[in-house]
Amino acid sequence: MIKITLPDGSVRDYPIGSSSFDIALSISEGLARNVLAAKVNGQVQDTNLPIATDSKLQLLTWNDADGKSTFWHSSAHLMAEALETLYPKVKFWVGPPLENGFYYDVDTNGETISSEDFKKIEEKMLELARQKNDFVRIPMAKTEAIKFFEEKGDEYKLDLLSGLDDGSITFYKQGNFTDLCRGPHIPNTGFIKAAKIMSVAGAYFKGDQNNKMLTRIYGVTFPKQKELEDYLTLLEEAKRRDHRKLGQELDLFTFSEKVGKGLPLWLPKGAMLRERLENFLRKAQVKAGYQQVVTPHIGSKQLYITSGHWEKYGKDSFQPITTPEEGEEFLLKPMNCPHHCEIFRARPRSYRELPLRLAEFGTVYRYEQSGELHGLTRVRGFTQDDAHIFCTDDQVEDEFKKVIDLVLYVFKSLGFEDFSAQVSLRDPENKTKYFGLDEAWDKAENAIRRAAADKGLKTVEEVGEAAFYGPKLDFMVKDALGRKWQLGTIQVDYQLPQRFELEYVGSDNQKHRPVMIHRAPFGSMERFIAILIETTAGNFPLWLSPDQIAILPISEKFEDYANEVFLTLQEEDIRGYVDHRDEKIGRKIRDAEVNKLPLMLIVGEKEAEEGKVSVRRKGEGDLGSMTIEEFIAYAKTEIYKNIPQFKV
Ligand SMILES: [Zn+2]
Ligand SMILES: [Zn+2]
């Protein structure tokens with residue numbers, strides 16, 4: 001007998017050689033029907049493999065990330081089978097799962113596959129799925145495997161095989177389709193009940209542009225038709241909210257090929273939005289004891305050799321700028337931390353000054369491959385709402401908690417309610433990726449765990465996600481569409497203070513090394529605004545909205561009155577514009593709605609006579625007429641009700 005430990009900690013005895021499927025069946029028939037794969041001692045595998053020793057077992061269903069990805073990878077095989085049936089000359093490279101769906105890179109061998117063929121492929125996939133063909137695992141000797149693909153004439157699989165060791169090679173067969181694959185897969189194709197081919201694109205073999213261009217076919221599948229429908233609806237909604245589209249429509253930012261890829265240009269309305277966010281954080285930071293600093297956009301290469309950035313990221317960064325006369329080398333600043341370390345070093349420091357909290361909206365530049373660039377979320381130049389806290393060892397945990405408070409304040413003020421936190425740890429198996437001693441890492445990781453627990457945060461731990469200089473606490477929010485976004489981050493660092501030889505004089509008159517905390521509640525202004533656009537669909541909270549009001553005169557006769565109202569409101573810091581166009585009022589209202597204007601003030605004869613405005617609120621409709629004073633009182637309450645004061 002073997003002992004199987006289940007995720008809830010319970011231990012059960014099973015005959016040696018029982019499969020995960022047998023175990024699922026012993027628990028319940030319903031579970032056995034839904035189990036897609038199994039995690040045995042941390043390794044995902046087929047459910048029919050026998051288990052030979054005492055093991056930890058997690059049965060994976062559609063609700064587990066590993067279950068989904070096994071499902072989608074298996075669907076790539078199913079799509080390949082459909083393709084081979086429809087286009088017998090097709091050759092196959094690789095077909096991995098994605099976050100949502102899967103793709104297969106194929107050499108169509110002269111055939112064209114376009115969106116017109118998608119339906120045909122989907123139907124063939126479902127037809128094959130209904131045959132409920134088992135995914136059969138077949139261990140293969142290397143010579144046999146080579147012979148198989150030589151006979152088939154598939155040079156891509158032969159290429160894959162050349163890198164594999166004899167004894168480790170497996171084929172998987174479902175129906176009439178055989179693929180070289182290490183697995184795992186779902187039990188049979190019958191689990192796949194809905195299929196959609198999403199798109200087709202060119203992709204170089206092995207990502208190398210000197211190689212042949214293959215065809216990448218993207219698909220997604222589901223265990224229920226309804227789930228596919230929901231997914232497609234969600235995609236539509238996500239498209240509607242896409243910050244690249246809304247950013248353009250709302251006049252917030254633009255890009256210019258001439259300025260350069262991945263370098264956003266902020267338009268007046270976007271700049272205003274950004275400035276408001278900065279001021280909001282700045283105000284809270286003053287209360288929390290931060291001091292603003294300003295540092296240049298470049299720094300000498302030596303600075304980054306000292307910090308270690310050159311060693312870890314130098315090759316992937318923008319390459320040094322050289323001065324014409326002296327030949328000195330400078331880097332576009334990829335991070336603000338080294339500059340701030342030098343500010344700390346500018347003069348001797350005493351323990352009385354600590355914690356020293358230096359903040360800067362610091363613009364940094366990082367090289368991203370052009371294919372990786374995406375709107376405001378992946379750019380080459382961006383501004384971090386950065387700060388570095390220099391403190392004593394004893395202050396770390398307390399400071400960390402204060403930063404958590406600040407981050408939560410930011411989220412609350414912006415209506416991000418569904419969030420979680422991830423403790424990003426070092427990968428102990430791969431220590432060369434990181435600087436520093438085990439002891440410092442343990443200390444920092446434990447300080448983060450304790451601070452997060454103390455603040456009642458729901459956390460998950462991720463091994464291998466730490467920065468090279470220290471562990472992190474990363475915040476994720478979930479939007480209305482269930483998408484997860486990474487926002488702010490807090491990081492503890494024992495390494496940079498050492499590399500920069502930072503010191504302060506303690507109460508004992510001895511020299512000590514401070515600890516550094518890096519933090520950015522927004523993360524970066526660019527990314528944060530992108531997320532804000534997508535989560536709000538461009539309907540910003542009133543206090544942030546670039547224009548809060550639009551004054552809409554019914555005809556040009558009431559222009560003067562409209563201007564008068566506008567000036568009065570401007571005096572009260574309520575911002576917006578008068579729609580002076582010679583358009584019908586219906587058109588003006590519609591346009592203001594398209595521009596997501598929160599408040600519309602309609603003025604005509606009656607309003608002008610009585611000194612009033614007719615108020616319409618986006619999403620609420622007509623609020624009736626108000627005197628200017630009444631409107632000011634209303635607007636102010638509405639503007640400020642969502643931004644509580646930050647309390648230290
Ligand atoms: Zn496979
Ligand atoms: Zn930093």
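Tutor: Happy to! Let us start with a term: a residue is called buried when its relative accessible area is under 20%, exposed when that area is over 50%, and partly exposed in between, using a 1.4 Å probe and protein chains only. By that rule His185 counts as buried, because its relative accessibility is 2%. His77 is buried too, with a relative accessible area of 1%.

A word on the ground rules. This is a predicted model, in which local features need pLDDT of at least 70 and side-chain atom pairs count only at pLDDT 80 or more, while totals for chains, interfaces and linings use all residues. Residues are numbered from 1 along each chain as its sequence is written, chains are lettered from A and ligands numbered from 1 in the order in which they are written, and side-chain values use heavy atoms, with hydrogens and water left out.

Now, what holds the zinc ion (ligand 1)? Its coordinating atoms are NE2 of His73, NE2 of His77, SG of Cys181 and NE2 of His185, at 1.9 to 2.1 Å. Donors here are N, O and S atoms within 2.8 Å of the metal (3.2 Å for Na, K and Ca), and sites may look incomplete because water is not among the atoms.

Next comes the geometry. The angles among the four donor atoms of the zinc ion (ligand 1) run from 89 to 127°, and the site is tetrahedral. For comparison, the ideal angle for four tetrahedral donors is 109.5 degrees.

Where do the donor residues sit along the chain? For the zinc ion (ligand 1), their spacing reads H-x3-H-x103-C-x3-H. One pair links distant parts of the chain: His77 belongs to helix α3 (residues 65-86), whereas His185 is in the loop between β11 (177-180) and β12 (194-204), 108 residues apart. Helices (H or I, at least four residues) and strands (E, at least two) are DSSP runs, numbered from the N terminus.

The zinc ion (ligand 2) is coordinated by SG of Cys337, NE2 of His388 and ND1 of His518, at 2.0 to 2.4 Å. Along the chain these donors are spaced C-x50-H-x129-H. Cys337 is in helix α12 (residues 337-344) and His518 in strand β28 (residues 515-520), so this pair ties together parts 181 residues apart in sequence. Both Cys337 and His518 are buried.

Terms used. Tetrahedral: all angles 85-135°; square planar, octahedral: opposite > 155°, others 65-115°.
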